[in-house]
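Dear colleague,

Please find below the structure I am handing over to you. My findings follow it.

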Amino acid sequence: MHAYFVNMPKKCLNICLLFMLACASISAYAQSVGTQQPFLCELGIQAGCGYYVGDAANHIFLRPREAYGIHFRYKFTKRWAIQAKVSGQRITANDYTIRGEKLDTKWENRMINADVMAEFNFFRFGSTNKYDKRIRCYTPYIFIGLGVGTYGFAKDQKIHATAYVPLGIGFKWKFHEFVGLNIAWQHNIYMADNIEGRAALDNKHQLNGWNWMNCDLTGMLTAGIVFEFARAKKECRICNW
């Protein structure tokens with residue numbers, strides 16, 4: 001017991017030295033990360049729930065089903081980026097009626113979408129940088145673009161394709177040097193009124209054509225993980241930036 005108390009100051013000193021060394025290492029790592037060049041490219045996967053709004057459903061998040069996708073993002077600046085994405089989802093409704101007549105009790109359709117969208121970050125987004133205190137590791141953002149959707153992959157259905165306008169809002173969080181989290185709520189406005197895959201629901205009100213108010217719409221609320229790669233070249237050969 002006496003030897004234990006005699007060695008206690010030495011043990012405490014060793015613990016303090018180890019703690020100080022760990023703090024110094026963490027500080028050095030943080031500074032090195034803050035001075036490294038940012039990544040330009042990003043790959044990510046996402047999953048969540050999707051829904052459909054059209055002739056058989058007039059509310060968002062009515063009978064939601066699974067939605068998923070994969071994307072590539074290129075960052076032009078801290079504010080602007082472009083994203084290319086391929087996604088899939090299933091749309092369905094339990095029943096629908098035409099002029100008071102019940103036609104079916106259940107239907108579903110599967111969709112695959114490919115789009116390219118421009119993004120704008122509300123904050124300067126990226127890794128913490130000691131040279132620019134305005135950069136944040138999180139930001140809300142908005143996006144809009146163009147895409148092509150294919151639908152009719154359910155049983156006994158003919159496959160169709162149509163253009164659409166994707167737009168929405170999201171949130172980015174960079175919690176590691178090259179790993180982050182993305183949450184997005186995307187709406188797809190189709191140039192068609194027949195994505196249900198049912199003849200009775202196609203052009204229900206005789207308003208097809210360039211009538212935006214009669215186009216079908218789908219939405220997706222997804223969360224996903226992203227991985228960054230391809231660092232930008234240094235702007236100064238002798239500096240850390």
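Is Lys75 buried or exposed? Lys75 counts as buried, because its relative accessibility is 14% and the limit for buried is under 20%. Please bear in mind that this is a predicted model.

The fold provides the setting. In the order β1-β2-β3-β6-β7-β8-β9-β10, 8 strands close into a barrel with antiparallel pairing. Neighbouring strands of this sheet are turned against each other by 25 degrees on average, direction ignored. Between β6 and β7 (residues 138–151) there are 11 bridges, and Phe120 stands opposite Ile142 in β7.

As to charged pairs, the count of salt bridges comes to 11. Lys75 meets Glu228 in one of them, at 2.4 Å from N to O. This pair links strand β2 with strand β10 (residues 217–231), 153 residues apart, and Glu228 is likewise buried, at 10% relative accessible area. Another salt bridge joins Glu42 and Arg73 (2.2 Å, N to O), connecting strand β1 (residues 39–53) with strand β2 (residues 65–75). Glu42 is buried at 2% relative accessibility, and Arg73 is buried at 1%. Through shared partners, salt bridges join Glu42, Arg73, Lys75, Glu119, Lys172, Lys174 and Glu228 into one network.

The largest nonpolar core has 12 residues in all, among them Tyr52, Ile91, Trp107, Met111 and Tyr190. Strands β3 (80–93) and β6 (107–121) each supply at least two residues of this core. Beyond its neighbours within four places in sequence, Tyr52 contacts residues including Ala57, Ile91, Trp107 and Ile195.

With kind regards

Terms used. Residues numbered from 1 in each chain as written. Predicted model: local features only at pLDDT ≥ 70, side-chain atom pairs only at ≥ 80, totals over all residues. Heavy atoms only, no water. Core = buried A, V, L, I, M, F, W, Y, C linked by side-chain atoms within 4.5 Å. Buried < 20%, exposed > 50% of the residue type's maximum accessible area, 1.4 Å probe, protein only. Helix = DSSP H or I, 4+ residues; strand = E, 2+ residues; numbered from the N terminus. Contact = heavy atoms within 4.5 Å. Pairing = 2+ DSSP bridges. Axes fitted to C-alpha atoms, helices over the stretch in contact; angles between N-to-C directions. Salt bridge = Lys/Arg side-chain N within 4 Å of Asp/Glu carboxyl O.
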